[in-house]
Amino acid sequence: MGSSMKSAKIIIMSLILILSTGCISIETSFHSHNHNYPIKVFVQIEEEAAAFEFAKFKLTVGNVTIDKLNTPFFVGRVGINDGEVPIIFTVKGSLTNWYGKNLKIRELLSVSFKVNDNDKILITLKIYKEDDTFRVGIDEKKSGVIGREIPEDVFLSPEDALLKRAEGTEFYNELMKELEKNREIREKFWRQYKETGDLKYLRSYRDSFYAVRIFGELAKWRKLNEVEHKILLAELKANNAYYSYYTSPTKDFSALVFSDDSPYYSTFRIKEPFNSSLPFIYYTGRGFNLYPVTAIHWAEIYFQRGQNKKALQILKELSQYTQYGEYNGEKYVLFKNYFHFENASVPWVSGYAQGMGAGVYAIAYNLTGNETYLKIAKGLVNSFDLPLSMNGFVSHTKYGDWYLEYNYNSNELVLNGHIIALQGLYYYWQVTHDEKAWRLFQNGVQAVRNALPIFDTGSWSKYSNIHGDASEFYHRLHIRLLKWLYDVTGDKYFLEYARKWNDYLMIRGLKPEKI
């Protein structure tokens with residue numbers, strides 16, 4: 001049977017289902033004003049997954065056009081059938097990427113809810129990438145009956161949700177001031193976009209607003225803890241400072257600093273009353289974000305260069321963003337990331353920051369005798385015990401325990417991130433001689449040994465098991481990391497691979513690494 005005949009059969013079956021359950025036709029799934037249908041339905045588009053690849057979108061559900069993120073739109077009413085609402089509806093419209101190219105989209109979606117009379121339903125949709133196309137699907141975790149599975153606060157604006165959660169805290173007045181400044185910045189970009197149609201202003205509008213939207217979305221669902229309020233304020237101040245003068249950078253991964261110190265030349269430096277030694281990292285649609293991985297990486301570089309004062313300054317400031325918990329009677333520490341990356345939900349955790357963080361904080365303790373640094377380092381080591389369901393980042397693979405750079409995808413084994421986590425564990429062990437850290441290190445080393453062949457294409461190395469060739473930067477980093485593993489373990493297997501991958505450079509006419 002051809003694909004078109006299969007599609008026709010599915011639609012016919014769907015129509016039979018609709019008629020048999022008392023629902024309405026596909027194209028008119030929702031009735032706006034007919035009160036014989038008691039259940040109000042709202043639909044929103046989630047700011048997640050592939051949403052950041054688009055400058056604009058205009059999707060229609062029923063007779064309602066949805067063109068804003070994380071904003072519930074009333075699309076109509078539906079009826080109840082034996083305490084249940086089966087809904088089948090069409091989503092259609094267009095997406096516009098950052099280069100102005102339009103893509104058409106059309107989906108037939110279905111979902112069912114158990115309801116009572118006069119309940120309200122929220123259906124959350126997400127745009128995602130599948131092969132070479134983009135699709136729309138239902139996020140079941142954020143869809144349900146409002147007031148039961150979904151909080152009433154979902155109707156609040158991000159600003160109102162944040163201020164409601166901050167009431168009675170020490171953060172309220174400062175947050176209100178920064179939100180007002182952010183609103184003025186956004187309005188300026190919106191006016192410029194409307195006047196010119198230039199997407200750089202629309203990008204800057206969205207980027208400057210991202211921290212408000214993402215923490216505001218969290219605030220609709222729950223209270224923010226003290227550290228989350230601190231991270232929000234830091235990101236708001238950083239973005240407000242930058243966007244007061246500039247439009248968005250043209251490249252992802254650009255770093256923003258507020259001091260003269262940076263181990264790299266390609267950073268944006270701004271002199272502002274906001275005094276921070278930490279780097280803030282840019283991603284399209286997400287503005288500048290506090291990324292512990294980068295801060296810890298910079299601290300390690302400064303230690304390697306003997307610039308201990310600069311490293312300690314970063315680690316001291318970063319320490320206020322640690323989040324503590326307890327698991328199996330031991331206290332752990334997590335550095336959480338509050339921005340979307342690939343298909344991550346917020347927050348997520350990186351094994352890179354956890355492992356290397358343990359190492360650099362142990363070095364900081366060794367240099368200063370500050371027990372707080374040792375407490376953080378030990379808590380980071382203890383975080384290796386956490387299951388993935390508790391924001392853990394250790395994947396028990398057929399190769400051994402793998403320390404995930406991105407804990408939202410336990411199937412992606414990133415080579416450099418795992419070995420850098422091992423470096424941190426090794427630095428920690430050198431300072432403390434902690435047997436637990438040594439065991440974690442040994443387990444991770446064995447996993448690398450077992451898995452190395454899957455990262456070798458025969459002519460280059462792979463960034464991860466599910467990605468293609470690594471960039472030249474990461475290929476060179478792999479060679480240096482394997483040489484380091486040989487240096488600390490004496491295992492010639494790692495040296496053989498380092499030399500083999502170095503040969504790949506020379507075969508391509510590139511300068512080899514010194515190993």
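Student: In which helix is the place of Tyr-504?

Tutor: The model is a predicted one, and what follows should be read with that in mind. Tyr-504 has its place in helix 13, which covers residues 492-507. This helix belongs to a protein chain that contains 13 helices and 19 strands.

Let us begin with the exposure of the residue. The relative accessible area of Tyr-504 is 7%. Because buried means under 20% relative accessible area, Tyr-504 counts as buried.

The next matter is what surrounds the residue. When neighbours within four places in sequence are left aside, Tyr-504 is in contact with Asp-456, Gly-458, Ser-459, Trp-460 and His-475. One of these, His-475, stands 29 residues from Tyr-504 in sequence, and the two C-alpha atoms are 9.5 Å apart in space.

Ser-464 is located in the loop that runs between helix 11 (435-451) and helix 12 (472-489). Ser-464 has a relative accessibility of 0% and therefore also counts as buried. Once residues up to four places away in sequence are excluded, Ser-464 touches Glu-412, Leu-413, Val-414 and Phe-455. With Glu-412 there is a polar contact between side chains, at 3.1 Å.

Of its 515 residues, 54% count as buried, and both Tyr-504 and Ser-464 are buried. Considering contacts between residues at least 6 apart in sequence, 65% join residues at least 24 apart; the pair Tyr-504 and His-475, in contact, is separated by 29 residues.

As for overall form, the radius of gyration of the protein chain is 25 Å, which agrees with the value near 24 Å that a compact globule of 515 residues would have. The C-alpha trace spans about 75 × 60 × 55 Å along its principal axes. The accessible surface of the chain comes to about 23700 Å², and carbon and sulfur atoms account for 49% of that area. Finally, the chain carries 63 positive and 59 negative side chains, with the centres of the two sets 3 Å apart.

Notes
Residues numbered from 1 in each chain as written. Predicted model: local features only at pLDDT ≥ 70, side-chain atom pairs only at ≥ 80, totals over all residues. Heavy atoms only, no water. Helix = DSSP H or I, 4+ residues; strand = E, 2+ residues; numbered from the N terminus. Rg over C-alpha atoms; globule rule 2.2 N^0.38 Å. Buried < 20%, exposed > 50% of the residue type's maximum accessible area, 1.4 Å probe, protein only. Contact = heavy atoms within 4.5 Å. Areas by Shrake-Rupley, 256 points an atom, 1.4 Å probe, with all protein chains shown as cover. Lys, Arg positive; Asp, Glu negative; His and termini not counted. Charge placed at Lys NZ, Arg CZ, Asp CG, Glu CD. Polar contact = N/O pair within 3.5 Å; in protein donor to acceptor, adjacent residues only side chain to side chain.
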